[in-house]
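Welcome to this guided tour! Open your viewer, get ready to select residues by number, and follow along stop by stop.

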Amino acid sequence: MNHSKLYDDFQGWFTADSTRLSKKTVEQYLVIVKNLFAYMTGFNISALSDFSYESFSRFVQIKPNKGSYSTSSINQRVAALDIFFSWAVKERFVPENTNPVVAYKKMGIQPRRIDTQVPNEEVKLEILTNAQQAKLNSEIQSENFLPIRNHCIAVLILSTGLYAYEIVNLTIDSIDTERWCITIEKGGGDRKRKININSKICKKACLAWVEVRKKLLGSQVTPHYFLTGKLTPINRKIVYHSISQKLKKCGIHKKQNGPDILRQTAIFNMLKEGHTFEEVSRITGITTLAQLQKYKAFLSEST
């Protein structure tokens, strides 16, 4: 994975999802993550999963000029990297059992995390209401490629619960418009996940985007499903930005203003419609019982 692209993807997600932090703190955290990649280059660490406890500890505690960071600076650095590596694990760039922050925290340092700034019992899932979903699903009146693409991305996540990285990696062959299903490659490609598209709104949005995509490409050929105006593949930063702008245009203001809230709403809708946890896990790729239990609790509160 290209370090520059990985940083851009994280920056897009973090900038959109860190509304509880000050602008200055966001900037400081991003600098720390950017410096992490420079450190990896300097010490010939090729992948995030290659971090040892020792190399991670050195980066957190020792300044480039060999001096030591203060305790408050160390806590800030660990807090920033805790967020980054949690994101990297969630997006499957790093196996959960190779997260260096976990090993470091076991040594006794417990930094303040972004998701512990409010008591745990107050941290709840955010779900779009039926009215908000209707606004998001409303057919757009535009011939410009950008709103058509962004609308398709939004309703696709809302209908299927796809991750942002799965949206980025979709190819034209991933979506079967005859059977209306999506094939998602998992892991090394030896396993696949099939997701049915049942929403008429989503089907219509996909067909509209395919027509625009054909006009954009002309005689050119590319396997990537979603493209920029320059005919390059989109990245996570674009996904987060497009969803954020789409929500704002619909008058929807949430703490989470990126694709996560659409995925969470999709999962909630599946459970509400009677899908079992096993079915939801198969469709959405959720792998831990703890994640599903959060939805179960939310569902109980909402009924």
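Two residues are in contact when they have heavy atoms within 4.5 Å of each other. With that rule, look at the whole chain: among contacts with a separation of 6 or more, 59% join residues 24 or more positions apart.

A word on the model before you click further. It is predicted, so local features need pLDDT of at least 70 and side-chain atom pairs count only at pLDDT 80 or more, while totals for chains, interfaces and linings use all residues. Residues are numbered from 1 along each chain as its sequence is written, and side-chain values use heavy atoms, with hydrogens and water left out.

**Stop 1: the whole chain**

Switch to a cartoon view. The protein chain has 13 helices and three strands; these are DSSP runs numbered from the N terminus, with helices being H or I of at least four residues and strands E of at least two. Now show the surface. The chain exposes about 16000 Å², and carbon and sulfur atoms supply 50% of that; the area comes from the Shrake-Rupley method with a 1.4 Å probe, and for residues only the protein chains shown count as cover. Of the 303 residues, 47% are buried. Buried means under 20% relative accessible area, exposed over 50%, and partly exposed in between (1.4 Å probe, protein chains only).

**Stop 2: the core**

Select L48 and L156. In the largest nonpolar core, which has 88 residues, these two touch the most other members. Helix 4 (residues 71-90) gives the most to this core, with eleven residues. A nonpolar core is a set of buried Ala, Val, Leu, Ile, Met, Phe, Trp, Tyr and Cys residues joined through side-chain atoms within 4.5 Å.

Which residues does L48 touch, not counting those up to four places away in sequence? They are L6, L36, F37, M40, F84, F85, A88 and V94.

**Stop 3: helix 1 against helix 4**

Colour helix 1 (residues 3-17) and helix 4. Their axes are 11 Å apart and the helices pack at an angle of about 105 degrees. Axes are lines fitted to C-alpha atoms, for helices over the stretch in contact, and angles run from 0 to 180 degrees between N-to-C directions. Helix 1 and helix 4 are therefore roughly perpendicular: that label covers 65 to 115 degrees, with under 35 roughly parallel, over 145 roughly antiparallel and the rest oblique.

Show side chains for L6, D9, F10, W13 and F14 of helix 1, and I83, F84 and W87 of helix 4, which make the contact.

**Stop 4: helix 10 against helix 11**

Next, select helix 10 (residues 236-249) and helix 11 (residues 259-272). Their axes come within 8 Å and cross at roughly 75 degrees. That makes helix 10 roughly perpendicular to helix 11. V239, Y240, I243 and L247 in helix 10 meet P259, D260, I261 and L262 in helix 11.

Stay in helix 11 and pick N269. Is N269 buried or exposed? It counts as buried because its relative accessibility is 16%.

**Stop 5**

Move to T284 in helix 12 (residues 277-284). T284 is buried, with a relative accessible area of 0%. Its contacts include R193, R263 and M270.

Finish with R92, in the loop between helix 4 and helix 5 (100-105). R92 is not a glycine, yet has a positive phi of about 70 degrees. L231, in the loop between helix 9 (200-217) and helix 10, also has a positive phi, near 70 degrees.
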